[in-house]
Amino acid sequence: MTIADKFDVFLFDLDGVIYIGSERLYGTMESLKQLREAKKGIRFLTNDPCTTREKTVRKLTSLGIEARKEEVITSSWLTAQYLENNNIKSALILGDDNLKWECEQVGIDTEAQTDVEAVVIGWNDDLSFYDIQKAAALIHRGAKFVATNPDKTFPTPNGPLPAVGAIVEAIRVSTDKRPFIVGKPYPYMFKRALEDFDVSLKVVMVGDNPSTDILGAHQAGLPAILVASQQNRTFPVAKDFRNPDATIANLKGLFDPSIVMKKWTAPAFAWPEAIKAGVAGIIFDSDQRVLLMKRADNGLWGIPSGHVEPGETVEEAIIREVREETGLIVKVNRLIGVYSDPESQVFSYPNGKVSHFITNCFECEVVGGNLVTENEETLDVRYFDVNHLPDDLLHMHPKWLKDAIIKQNVSYIR
């Protein structure tokens, strides 16, 4: 059985999969024709904000590839759809005429320069630092921050050059606001691509970029195929969302029975944007009860814990965190373990950021201070019998506590 036999719907990236620049890639026309003859669903997905669906169809047709407007999802068109769906009537568009045209088709006022409801970042070769300043000022005043795609560079004969993501980062840093990103690898484009199909159909993504096409498909729960000349795995960890489930040299590989495709099983954690150093401190009283705090950010009980500041040792970090969270002054007696299990230590925050913590867990001893049961970080702090812990305990902490109870002075790597 070939890959083409296994799936009902195929989502294709364009540049690097169907064509490169103005050149159709080998096997593309024949392979897409075969899929259509087999009654497969087809969608073309592109992060390119400098085109329209109509122009994309004309380009594909000129290359001998059948395509209809309804099969094409560009980041410019989808951005306009997002603004319309959110009842946004005016926007500052830092993009070219294609993005502005798409927005105007759904009634968005793109001429407004002040008091707009949204700031939309696309791509325009004439963007200036003044444009970035103006966008940041509007976002500070409450305008919604939207971006067509996160790509930080795009390839050129002279090497990679800055793309939309570079402008997005400049505004994100200066406003401390995270944008809503329409394009891959974020879910909005995949969700829209699947709206026309029954949920029972089997869907696969075919792309050439591990960090947008493959990652995005896997985050959306879809299997993904990489178009690349080499079969070598790019990323060493098996659970890395950017690893493809199959690699093909060109679209003819969809019909090659010798190509084996792995089954994508989504791990029980979100894909983290960053890996951070964390610390935790287990404190027993004279009755061997353990100190727990009820966190203000999520309402769950847990061992005092936090992150490592720049220039700080992990021992200094846990002493500081305990003092800030409980009012107690502690000393570190021993390292219990270093923990990195992503299923329990990947955290998604309300602002959309996802971080994976590597936590150094210590046994600590109180040497001073006064217990504070409520502050900005905690709703309650108290000691619990280790055999009668609260039900709403952070799910990784029982493991750390179990290891702490082991009396041998050893360190465990988990």
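The structure holds 12 aromatic pairs; rings of Phe, Tyr and Trp (its six-membered ring) pair if their centres lie within 6.5 Å, and planes under 30 degrees apart count as stacked, over 60 as edge-to-face and the rest as tilted. This is a predicted model, in which local features need pLDDT of at least 70 and side-chain atom pairs count only at pLDDT 80 or more, while totals for chains, interfaces and linings use all residues. Residues are numbered from 1 along each chain as its sequence is written, and side-chain values use heavy atoms, with hydrogens and water left out.

**Aromatic pairs**

- Start with Phe7 and Phe10, an edge-to-face pair whose centres are 6.3 Å apart, with 80° between the planes.
- Next come Tyr339 and Trp400, which form a tilted pair because their planes meet at 35°, with the ring centres 5.5 Å apart.
- Tyr339 belongs to strand β19 (residues 328–339) and Trp400 to helix α12 (residues 397–405), so this pair ties together parts that are 61 residues apart in sequence; helices (H or I, at least four residues) and strands (E, at least two) are DSSP runs, numbered from the N terminus.
- Tyr339 counts as buried at 2% relative accessibility, and Trp400 counts as buried at 3%.
- One aromatic cluster is formed by Phe7, Phe10, Phe12 and Phe44.

**Charges over rings**

- Arg53 has its charged end over the ring of Trp77, 4.1 Å from the ring centre; a charge sits over a ring if NZ of Lys or CZ of Arg is within 6 Å of the ring centre and within 35 degrees of the ring normal.
- Arg242 places its charged end over the ring of Phe235, 3.9 Å from the centre.

**Helix α3**

- Which residues of helix α3 (residues 53–62) are buried? They are Arg53, Thr56, Val57 and Leu60.
- These residues cover an arc of only 100° around the axis, so they lie on the same side of α3; the arc is that of the directions from the helix axis to the C-beta atoms.
- An α-helix has 3.6 residues a turn, so residues three or four places apart point the same way.
- On the face of α3 turned away from its buried side you will find the exposed residues Arg58 and Ser62.
- After α3 comes Gly64, whose phi is positive, near 85°.

Definitions and conventions. Buried < 20%, exposed > 50% of the residue type's maximum accessible area, 1.4 Å probe, protein only.
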